[in-house]
Each structure stands twice: as C-alpha cells, then as structure tokens.
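Open the model in a viewer and follow the stops below in order. Each stop says what to select and what is found there.

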Amino acid sequence: MDSTSIITQVSKEDEIISSSQEKVSQSSLSLKKQRSRSFFNSFLCCFRDYNVDTATCNSNTNAQIPPVEENGSIAKPINNADFIVPVEIDGTVHQVYVLKRPHVDLFLQRMGQLFECVLFTASLAKYADPVADLLDRWGVFRARLFRESCVFHRGNYVKDLSRLGRELSKVIIVDNSPASYIFHPENAVPVQSWFDDMSDTELFDLIPFFEGLSKEEEVYTVLQNFRGRRSSSSEWELEEE
C-alpha cells in the first residue's frame, strides 16, 4: 500500500480538511506527509470529548431521539451545551447539543503541533462532521473518517489502523472504547468516558505524556508501559475503596 494512502471512503459526506480549512469531497482520501520528523507521522484519534444529544424540533411531538454514539452508547441530554448544531435525520431536523470536555481546546491545539491528527469516529458523518467543524477551530484534523470507514465486527464498529497507509509503529489511537481498537490494542491510549464532569482533567494531564511520546521512534514500548501503569493504578484504587 502506498504510504500516502488512507481508507477509501464510501460516503459522499466524508471529507478531508486541509490546513486552510477548505473541504474537498472525494471517493478516496489521501493524507500528505506534511512534516518530515523522526517521530510519529500519524496520531490517530477518536475523541469522545463532547457529548451529543438530539431533540426533535417538530412542535407536534415531544419525543426525544438521542443518536446512538460510538459502539452503542447513547448520549444524555445536555443543559449547558457549548454549541448546538441542527441536523436532519430521516427527514426530521434535530438539534445536536454539544458539551466540550474540559481542556479539549488546549489538548487539540497541542496535539496538532506534535502530530499529524486524524478524527476517526464511528458516528455518522451527518452530525459528527458539523460538530467537528465547531470543535476543531484550528484545523488540527488533517482528515475525518466516519462510520463508513470502520469495520463492522461482532456488533461493533472497529477502526482498523492497518488500512490507513501509515507505519503502525508510529500510530496512536486515543479512544474511550476498547471495542473500537480491538484489532490494534497495542496502539491504544485508553481514556475514560466523559459525560458532564466539568472538573475532569484527563486531557490536560495527558499533554506531558504525549509531548514525551512525540520524541520516540516507535510507540509500542512506551504505550505498553503506560497501559501497565494505568492498570496497576486502577487496581490499587479499587483495593483502597
């Protein structure tokens, strides 16, 4: 596979975002290696740093229809949304309420300085794409991949990193769902699911880790140690409780 190739898209809604914020629709997306560095060429990420909930705008019904998010989880209603996006689903306009995870702006900006970042989500493009437009004000994401780019495997949408055309030893996936990276768990930086805790600091706390990781030649050793420390820490916390 050519080193600049990436998953072939099957939906016209899927788009690649250049650094100038210009959207280009195409059947096959390519990522240019814009930085010649000795560390990671790719920082593959699927952020659940926002919560979404859709409530119908039709005045004739009070039904709320929350979208199914990544691998089956359903977002809860949000009263203090950072922004609201109207989305048409099956002929009905819904409002997508978005609450940003604390420190996500700083996190995204710093990751964009360190890595080539890709948004890879199992959500539908029809609402994930406009949400990303508002979330990523700096053009951090070099490409956006949606549900059509995932592999449906045993009831879950899996992000197959091998189809990205990048050297896997230099690819990281940041995700709250282990099912999403079941094909490549050794490339994962697991994060906790987030809903509405505004005192959460996980993204802020991870910045120094990624700053150090960006200087390494390959990801596997560092990520294995990182997951081991997190696992030990979680077991210790459970014992304390």
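**Whole chain**

Begin with a cartoon of the protein chain, whose secondary structure comes to four helices and 14 strands. The model is predicted. Colour by accessibility next: 48% of the 241 residues count as buried. The accessible surface comes to about 11,800 Å², and carbon and sulfur atoms account for 49% of that area. If contacts between residues at least 6 apart in sequence are drawn, 69% of them join residues at least 24 apart.

**Aromatic rings**

Five aromatic pairs are present in the structure. Select Phe 115 and Phe 210: the ring centres are 6.2 Å apart and the planes stand at 85°, so this pair is edge-to-face. Phe 115 sits in the loop between helix H1 (104-114) and strand E9 (117-120), while Phe 210 belongs to helix H3 (residues 202-213), so the pair ties together parts that are 95 residues apart in sequence. Phe 115 counts as buried at 1% relative accessibility, and Phe 210 is buried with a relative accessible area of 0%.

Now select Phe 209 and Phe 226, a stacked pair with 4.3 Å from centre to centre and 25° between the planes. Here the link runs from helix H3, which holds Phe 209, to Phe 226 in helix H4 (residues 220-240), 17 residues apart. Both Phe 209 and Phe 226 are buried.

**Nonpolar cores**

Which residues have the most contacts inside the largest nonpolar core? Select Ile 172, Val 189 and Phe 210, which hold that place in a core of 25 residues. H1, E9, helix H2 (125-135), H3 and H4 each supply at least two residues of this core. H3 gives the largest share, six residues. For another core, lying apart from this one, select Phe 120, Leu 161, Ile 173 and Ala 188, which are among its 12 residues.

**Arg 144**

Move to strand E10 (residues 141-145) and select Arg 144. Is this residue buried or exposed? Arg 144 is buried, with a relative accessible area of 1%. Show side chains for two aspartates as well. The side chain of Asp 129 makes a polar contact of 2.7 Å with that of Arg 144, and the side chain of Asp 133 is joined to Arg 144 by a polar contact of 2.7 Å.

**Salt bridges**

The structure holds 10 salt bridges. Select Lys 100 and Asp 105, a bridge whose closest N and O atoms are 2.9 Å apart. Lys 100 counts as buried at 18% relative accessibility, because the cut-off for buried is under 20%. Include Arg 137 to see a network of salt bridges linking Lys 100, Asp 105 and Arg 137.

Next come Arg 166 and Glu 116, bridged with the closest N and O atoms 3.1 Å apart. Arg 166 is in the loop between strand E12 (156-158) and strand E13 (173-175), and Glu 116 is in the loop between H1 and E9, 50 residues apart. Arg 166 counts as buried at 9% relative accessibility, and Glu 116 is buried with a relative accessible area of 5%.

End at Asp 175 and Lys 159, whose side chains meet in a salt bridge of 2.7 Å, N to O. Asp 175 is in strand E13 and Lys 159 in the loop between E12 and E13, 16 residues apart. Both Asp 175 and Lys 159 are buried.

Definitions and conventions
Residues numbered from 1 in each chain as written. Predicted model: local features only at pLDDT ≥ 70, side-chain atom pairs only at ≥ 80, totals over all residues. Heavy atoms only, no water. Buried < 20%, exposed > 50% of the residue type's maximum accessible area, 1.4 Å probe, protein only. Contact = heavy atoms within 4.5 Å. Areas by Shrake-Rupley, 256 points an atom, 1.4 Å probe, with all protein chains shown as cover. Phe/Tyr/Trp six-rings, centres within 6.5 Å; stacked < 30°, edge-to-face > 60°. Polar contact = N/O pair within 3.5 Å; in protein donor to acceptor, adjacent residues only side chain to side chain. Core = buried A, V, L, I, M, F, W, Y, C linked by side-chain atoms within 4.5 Å. Salt bridge = Lys/Arg side-chain N within 4 Å of Asp/Glu carboxyl O.
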